[in-house]
Amino acid sequence: MTTEIKVPVLPESVADATVATWHVQVGDKVSRDQVLVDIETDKVVLEVPATSDGVITEISQGEGATVLGSQVIAILAEGEAASEAPAAAPVAEASNGTVIDIVVPVLPESVADATVASWHVAEGDVVTRDQNLVDIETDKVVLEVVAQDNGVIGKIIHAQGDTVLGDQKIGELNAGATQTTSAPAASKYEAISADELASPSVRRLMSEKGLSAGDVTGTGKGGRISKEDVEAAANKPKAAPAVATPVAAPVQDLGERSQKRVPMTRLRKTIATRLLEAKNSTAMLTTFNEVNMKPIMDLRAQYKDLFEKTHDTRLGFMSFYVKAVTEALKRFPAVNASIDGDDIVYHNFFDISIAVSTPRGLVTPVLRDADQLGMAGIENGIRDLAIKGRDGKLSMAEMQGGNFTITNGGVFGSLISTPILNLPQAAILGMHKIQDRPMAVNGKVEILPMMYLALSYDHRLIDGKESVGFLVTIKELLEDPARLLLDI
């Protein structure tokens, strides 16, 4: 029986791909899940594994060939690969013989692929049901893959840093297995080939540096090799020649100066791409104003204890900001709109994106239907989003959508800034540090807690009159918070 080796299904935005590297030749015996070929698109490198044991009988597309999604590029004759049992006993044996595939979760339609962020287990580790095995990072969130049963981790197919697709197999779990003591004392891992030790991008980097897998010490789980390991091996001082020269060459002493090179995370790369897109594809302007925060601070000081006792949550400034923004969006519909091609989409709902700083970078989860929430509902919603963002628990649904963004750089001490649009939204409001400043009030100088407001907006959709009117409305509502309750 023969099996067709095909190019993986390509994302909608990718027209074609290139055959990057064949790891086998015609006549080679291969085993199930062995990587046969790397397919390179303009965004990612896709690995094509063998679907069963067999022999490669035909390769129809050589390296460098341009191919399409689902195109046949080789033929595999099944059942003809000789399997040789290893000399050592296996690391683990499943009592019931059940092997469960560890697969990437189903990705949302807007996400083409993902990255294996971090394995929390290694081959041979004993795991329990629902234990987190691996983190899968997309452009927006981190997805956890948990064990479906008790057992022992078998083969890890895709290591940290590999690009994977939804529903793709990345490892195996021997359900019901236990560790045995028959494994060699030198290592609890099964023998791993050079192809499995490094991803395609890492193997290419080793080739560029003139290194083999034996020249590099892998620091990842199971001895996996990362780009950082390759750079460290390439920068490692060469061994001294057998015959030393009479005069040693001068050596530059860098002292404590050092540098570290690490790959950008998917989230950081996505943030960079979206920020550049916002700068280059919109007519972005920023208008400024300032607000006297004393009325809100007095109101908060008067009622914060009673508010917390009644609603079991703190009364912060963000609930006032969200309330003021929501009311201003009702009065200026263009600010609550977005551009889609040649059309303007006016939204009749008020989903507010809240910028949240996390260890992985800045994310903007969405507070849904802010106009239907009270002050306590807003505070609880923002708190929950912030906690999930910090712990990496935000879902894709919580990250998608949003009509307008609020970012508060004041918590970090920013006095004034020009926030960048969060596409496809048409505007973003920047809040800043509250600082005492001398202000002229009725002909007298008073020291007041003042805060700068910054509204960045897409001038293609929002005119100057609307942007200034929108920002002035927010200023007036914050300086007289009773208007938020009276709807005036």
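# A guided tour, stop by stop

Start by selecting V37, which lies in strand β4 (residues 35–40). Keep in mind that the model on your screen is predicted.

**Stop 1: V37**

Is V37 buried or exposed? Its relative accessibility is 0%, so V37 counts as buried. Now show its neighbours. Leaving aside residues up to four places away in sequence, V37 touches V19, T21, W22, H23, L46, E47, V48 and I73. Pick V19 from that list. V19 and V37 are 18 residues apart along the chain, and 7.5 Å separates their C-alpha atoms.

**Stop 2: the whole protein**

Zoom out and colour by secondary structure. The protein has 10 helices and 29 strands. How much of the protein is buried? Buried residues make up 43% of its 488 residues. Next, think about contacts between residues at least 6 apart in sequence. Of these, 64% join residues at least 24 apart.

**Stop 3: K169 and its partners**

Select K169 and D101. Their side chains meet in a salt bridge, with 3.2 Å from N to O. The pair links distant parts of the chain: K169 sits in strand β17 (residues 169–175), and D101 sits in strand β10 (residues 99–103). They are 68 residues apart.

Compare how covered the two are. K169 has a relative accessible area of 15%, so K169 is buried. D101 has 34%, so D101 is partly exposed. The cut-off for buried is under 20%.

Which residues are linked with K169 in a network of salt bridges? Select R32, D33, D101 and E172 to see them. A search of the whole structure finds 16 salt bridges.

**Stop 4: helix α9**

Move to helix α9 (residues 464–479) and select K475 and E479. Both lie in this helix, 4 residues apart, which is about one turn. Their side chains meet in a salt bridge, 2.9 Å from N to O. With 27% relative accessibility, E479 counts as partly exposed.

**Stop 5: a hairpin**

Select strand β20 (residues 337–340) and strand β21 (residues 343–346). The two strands run antiparallel, and 4 bridges join them. Where does D340 point you across the pair? D340 stands opposite D343 in β21. Then look at the turn. The hairpin has 2 residues between its strands. Click on G341, which takes a positive phi near 65°.

**Stop 6: a nonpolar patch**

Select F288, L415 and I416. Together they make a nonpolar surface patch of about 250 Å². Where is F288 found? F288 is in strand β19 (residues 284–292). With a relative accessible area of 39%, F288 is partly exposed. Residues in a patch need over 30% relative accessible area, so F288 passes that cut-off.

Terms used
Residues are numbered from 1 along each chain as its sequence is written. This is a predicted model: local features need pLDDT of at least 70, side-chain atom pairs count only at pLDDT 80 or more; totals for chains, interfaces and linings use all residues. Side-chain values use heavy atoms; hydrogens and water are left out. A salt bridge is a side-chain nitrogen of Lys or Arg within 4 Å of a carboxyl oxygen of Asp or Glu. Buried means under 20% relative accessible area, exposed over 50%, partly exposed in between (1.4 Å probe, protein chains only). Patches are made of residues with over 30% relative accessible area and no salt bridge: like charges are joined within 9 Å, nonpolar side chains (Val, Leu, Ile, Met, Phe, Trp, Tyr) within 5 Å. Accessible areas come from the Shrake-Rupley method with a 1.4 Å probe; for residues, only the protein chains shown count as cover. Contact means heavy atoms within 4.5 Å. Two strands pair if DSSP finds at least two bridges between them.
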